[in-house]
Amino acid sequence: MSKICYGCMNIIGDEDEKCPNCGFDRSIRQSLPFLPLGAKLQDGKYLVGKKLSSNNESTKYIALDARHETPVIVREFLPNGLCARSKEGCDIKVKAEKTAVYKRLLNKFLDYNRTLARLKDCTAACNILDIFTENNTAYVVEEQEELTNLTDYVRRNGGHLDWDEAKPLFMPLLTTLEELHKNGISHYGVGPSNVKVTSDGKLMLQNFSIADMRKVGTDLRSMLISGCSAPEQYDKFSLLDESTEIYGFTAVLFYALTGTVPDDVEKRRNDNKLLINSGINKKLPPYVRSALAGGLQFEQEKRVQSFADLRAKLFAAPSVKAIQEELSRPDVDDDDDDDNIPKSKKKKRSGNSVLPGVISCIVSLVLFVIVGTYWLQGNPFAAMFSPSDASSDSDVEGVTGEVVTVPNLVGVKYEEAVEKAGKTTDYQLLKAVEEEFSNDVPEGYIASQFPEAYTEETQGYSLYITVSKGAKMRELPVIQGKTVDQAAQLLGDESFVTSQSFEYSESIKKGLVIGYDAHNEGDKLEYGSTIEIKVSLGADTSSKATDSDRRKSSDTDTDSEEGAESSEAETIE
């Protein structure tokens, strides 16, 4: 006999403990809240294997398309913190007060992927084969391809790519992103981890997600990419647009050309320069350096605003060069026929052959003057690559000349800081960094600021603040004897995710919480941890049953009632 390996979806022998193809151990069980190994979707059309990856929006599994007997990728909408899965079955359970948010995000997920599935001409985007709803959630089926991480590809090619190597790789990706935005689809997560290389040497964009996961301050916990996510993605009050996507694309191109990603938002706020190894910097054409600087401008409004403009910057100089080469190319066919041309005509043609060379020289001179003038006088991005301390135009724009003292906002409640900033013209308050953990500053209060308090700045400066998320390690509250809702609220206040199990109790009334399943009150766990609480089924009052029968009855009733209760109350905060 033979069975399916849930690690690679290939056929293996019944006696094999580990798959000879991928090494997957068949004794492994998939933990909640993920689909169990061997789960069937669409009446057996798809057979689900192991979890490949998971983010705060969805989970990706390897699966088998049973009709065509081919491996595929199945993505399940499984937003972290909004839903859970019961121990029995595959249905998703959503708490009543989270239903509206869950449904709104689910509809966004479906609309987003349906639009993406229609865009078959976007060669650098994943190929969607099927979309359907089941188990109170939605699924997207994607074609499985043999892919290499961009980081591995760059490492194998000497740690960075030359422009001539990167250009044919990245231009189809640029075109794909441009086409996606024209059709209302944004990725906003372009980074080395989400860009793969196919077996035929083309770039493929992976891990598409709705915009709610690519920005702080939404109903989904954000997942941003250090060095590649644009500054506005760290600010819940900013709007994302095509320039946001351009920042991510340019950051990945920068990585491919230099071997390093740009500095993260916090560092670039203090110094907007892009650091490049001097040897690599010399090899990059000036127009490419200019395009990188334009696409990675820290301030959104000063950044390249469209992919069409970015393409023009990356290809402006090569297009002129192509004209020059065309004009200076020798006429091979005429040379072959030299012996058959009369002497009088040979002389005439010889005189005219000087013309292409003259034109070539003129084009070269014009190009030199234009590029030189632009680069030395009009290039607004030159300072971004300069080792000097000279400020760029953006550093001095809007200076009034009046010097003011920076206030101390550390420890101030965020809402109060916003109200205070609205009453002064000394500074503009910007929350441009995602909230951070702090053991000293309570959640919702300002943990740090830049510039530092009591220093002097020019009036109208930008004051950047970071808001505290509170301590990273949170203490489990007392929940024994509480209702499920009360316990869930207490745990939710500490940012824990709640799941439930059920058992009989002689001392705790039915429906009340017995305690924690694997932890104790007062234990400290990391922010966002999933905590299982035990809920009482009441005492076993079967007086006629023997102890043995009572135990059997208890086991049977527990399984039965647990399934019934969990179908109604398996929730997550």
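**Sheet, helices and buried residues of a predicted model**

Strands E6 and E10 (residues 137–143) pair in the antiparallel sense over five bridges; two strands count as paired if DSSP finds at least two bridges between them. Helices (H or I, at least four residues) and strands (E, at least two) are DSSP runs, numbered from the N terminus. The model is predicted, so local features need pLDDT of at least 70 and side-chain atom pairs count only at pLDDT 80 or more, whereas totals for chains, interfaces and linings use all residues. Residues are numbered from 1 along each chain as its sequence is written, and side-chain values use heavy atoms, with hydrogens and water left out.

The protein chain contains 15 helices and 23 strands. Of its 573 residues, 44% are buried, where buried means under 20% relative accessible area, exposed means over 50%, and partly exposed lies in between (1.4 Å probe, protein chains only). Among contacts (heavy atoms within 4.5 Å) between residues at least 6 apart in sequence, 63% join residues at least 24 apart.

Strands E6 and E10 belong to an open sheet of six strands, in the order E3-E4-E5-E6-E10-E9, with antiparallel pairing. Its edge strands are E3 (40–41) and E9 (128–134), each of which pairs on one side only. Helix H1 (residues 99–118) packs on the sheet and touches E5, E6, E9 and E10. The direction of H1 makes about 160° with that of E9; axes are lines fitted to C-alpha atoms, for helices over the stretch in contact, and angles run from 0 to 180 degrees between N-to-C directions.

Strand E6 (residues 70–77) is mostly covered, with six of its eight residues buried. E6 pairs with strand E5 (residues 58–65) in the antiparallel sense over eight bridges. Ile-73 of E6 stands opposite Ile-62, and the bridge partner of Ile-73 in E10 is Glu-142. Four residues lie between the strands in the hairpin of E5 and E6, where Glu-69 takes a positive phi near 55°.

Helix H13 (residues 414–421) has Tyr-414, Ala-417 and Ala-421 buried. Seen down the axis of H13, the buried residues fall within an arc of 60°, so they line one face of the helix; the arc is that of the directions from the helix axis to the C-beta atoms. These buried residues pack against strands E15 (427–430), E16 (446–450) and E18 (461–467).

Ser-209 is located in the loop between strand E13 (203–205) and helix H4 (242–258). Ser-209 counts as buried because its relative accessibility is 0%. Apart from neighbours within four places in sequence, Ser-209 is in contact with Asn-55, Glu-57, Tyr-112, Ser-186, His-187 and Arg-214.

The structure holds zero disulfides, a disulfide being a pair of cysteine sulfur atoms within 2.5 Å. Cys-90 is buried, with a relative accessible area of 19%. Cys-122 is also buried, and its relative accessible area is 5%.
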